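Take a moment to look over the sequence and the model before reading on.

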Amino acid sequence: MAKVTLKNIVKRYGQLEILKDICIEIADGEFVALVGPSGCGKSTLLRSIAGLESIQSGDIKIGEQIVNDIEPKHRDIAMVFQSYALYPQMTVAENMGFALKLKKIDKQSIQNKVEQVAKMLDLSAILERYPRQLSGGQRQRVAMGRAIVRDPQVFLFDEPLSNLDAKLRGRMRLELKQLHQTLKTTTLYVTHDQIEAMTLADKVVVLKDGKVEQIGTPLHIYDAPTNVFVAGFIGSPSMNFLKGKISSQYPHDFITTHGCKITLGNNQNIKALLDRDLILGIRPEDISLVAAPQKHSITATIQVTEQMGAETHILTYLQSPYQPQTKHDVEELFIISKKRDIRQAGEPLYLSINAEKLHFFDALTEQRMNTHV
């Protein structure tokens with residue numbers, strides 16, 4: 001095991017800069033998820049750490065050694081790809097032990113190691129099968145087993161679960177978590193799925209356009225996103241956003257662009273936000289339904305409902321004093337109801353918003369405001 005340090009990493013393809021001054025520190029034994037939309041540079045960063053891509057500037061350090069000019073096979077890392085890349089002509093046992101065979105380790109030691117890892121991954125019964133005879137989940141386990149038998153300092157995972165169906169992906173997430181708790185090997189995990197990042201990682205790195213937007217624990221990023229992009233990317237369903245200003249009269253209301261009012265309570269810590277163009281962020285679970293209009297409730301109209309079984313997802317638009325000109329002018333709120341609400345499009349809803357859970361961002365920079373309600 002080893003810590004991984006990335007200092008001022010820059011990667012270009014011609015004049016196109018893919019990675020822009022990336023600085024990340026991964027502690028020994030830490031599980032770090034690199035998350036972001038397609039094209040943000042997360043896979044390029046992982047491949048650069050592995051030595052499969054060269055960087056233009058900066059330092060990649062594994063343990064105490066800078067590995068910029070060291071060949072991939074000498075970096076003591078193991079990588080699991082999205083495609084698994086198993087050798088079709090080899091059995092499961094041969095695939096798992098191939099890297100050890102290349103190192104000229106004796107056959108008995110290879111067999112012992114393969115059997116030990118196979119038992120850990122529940123592969124003992126299929127060691128003599130070929131990849132074509134395996135399910136997607138079994139192939140994924142074999143790919144992980146091939147990495148584990150090498151006993152590397154660092155594991156690199158590049159979207160290893162993206163080819164699996166939803167149920168199997170959930171099961172594999174649990175197995176990966178348990179595996180890391182057992183092995184305690186430093187792990188970097190690339191994914192575009194923020195649920196994987198939230199559930200698996202000790203620390204999450206959010207990337208956008210080749211830059212680090214925020215680094216922190218999953219819950220810290222969820223509770224205190226640094227900007228609108230992170231706030232919208234982390235969380236499923238994503239955060240709601242409304243543009244507007246806070247009224248100067250006390251007690252203060254947030255007044256949206258279309259005139260809807262959201263009461264902020266009696267908190268005095270928002271004086272720095274007065275008379276500024278703001279974006280208000282509200283997570284769907286912080287909006288609750290009330291049976292009838294109340295003093296500080298707001299009125300909305302249902303657009304779409306999604307029955308999820310244990311809960312209901314409801315997309316609404318706010319009823320405002322100003323008539324919107326087009327459907328694009330409508331201010332929408334996505335709500336999670338913990339009940340099986342059977343509602344139809346066009347029905348009115350009365351909403352209560354938890355004022356203690358609001359997030360404020362500057363409308364121009366889209367950066368989080370330091371003042372908390």
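A residue is called buried when its relative accessible area is under 20%, exposed when that area is over 50%, and partly exposed in between. Please keep in mind that the model is a predicted one.

We begin with the whole protein. Its secondary structure comes to eight helices and 20 strands, and its C-alpha atoms fill a box of roughly 80 × 45 × 35 Å along the principal axes. Of its 373 residues, 48% count as buried. When contacts with a separation of 6 or more are considered, residues 24 or more positions apart account for 67% of them.

The buried residues in α1 are K42, T44, L45, L46, S48, I49 and A50. Just after α1 comes G51, which takes a positive phi of about 90 degrees.

Helix α2 (residues 92-102) packs with helix α4 (residues 136-148) at an angle of about 30 degrees, and their axes are 7 Å apart. Because angles under 35 degrees count as roughly parallel, α2 is described as roughly parallel to α4. Their crossing is right-handed. On the α2 side the residues that meet the partner are V92, N95 and M96, and on the α4 side they are V142, G145 and R146. Sorted by class, this contact has three nonpolar, two polar and one charged residues.

How do the axes of α2 and helix α3 cross, and within what distance do they come? Helix α3 covers residues 107-120, and its axis comes within 10 Å of the axis of α2, crossing at roughly 130 degrees. The two helices are therefore oblique to each other, and α2 passes α3 in a right-handed crossing. In this contact A93, M96, G97, L100 and K101 of α2 meet I110, K113, V114, V117 and A118 of α3. By class, the contact of α2 with α3 has seven nonpolar, one polar and two charged residues. An α-helix has 3.6 residues a turn, so residues three or four places apart point the same way.

Finally, we turn to the aromatic rings, of which the structure holds seven pairs. In one of these, the rings of F31 and Y189 have their centres 5.7 Å apart and their planes at 35 degrees, so the pair is tilted. F31 lies in strand β3 (residues 31-35) and Y189 in strand β8 (residues 186-191), so this pair ties together parts that are 158 residues apart in sequence. Ring pairs also link F31, F155, F157 and Y189 into a cluster.

A further pair is formed by Y87 and F98, whose ring centres lie 5.0 Å apart with planes at 65 degrees, so this pair is edge-to-face. Y87 belongs to the loop between β6 (77-80) and α2, whereas F98 is in helix α2, and the two are 11 residues apart. Are these residues buried, partly exposed or exposed? Y87 is partly exposed, with a relative accessible area of 32%, and F98 is also partly exposed, with a relative accessible area of 21%.

Notes. Residues are numbered from 1 along each chain as its sequence is written. This is a predicted model: local features need pLDDT of at least 70, side-chain atom pairs count only at pLDDT 80 or more; totals for chains, interfaces and linings use all residues. Side-chain values use heavy atoms; hydrogens and water are left out. Axes are lines fitted to C-alpha atoms, for helices over the stretch in contact, and angles run from 0 to 180 degrees between N-to-C directions. Helices (H or I, at least four residues) and strands (E, at least two) are DSSP runs, numbered from the N terminus. Angles under 35 degrees count as roughly parallel, over 145 as roughly antiparallel, 65 to 115 as roughly perpendicular and the rest as oblique. A crossing is left-handed if the near helix is turned anticlockwise from the far one by less than a right angle, and right-handed if clockwise. Contact means heavy atoms within 4.5 Å. Ala, Val, Leu, Ile, Met, Phe, Trp, Tyr, Cys and Pro count as nonpolar, Asp, Glu, Lys and Arg as charged, and the others, Gly among them, as polar. Rings of Phe, Tyr and Trp (its six-membered ring) pair if their centres lie within 6.5 Å; planes under 30 degrees apart count as stacked, over 60 as edge-to-face and the rest as tilted. Buried means under 20% relative accessible area, exposed over 50%, partly exposed in between (1.4 Å probe, protein chains only).
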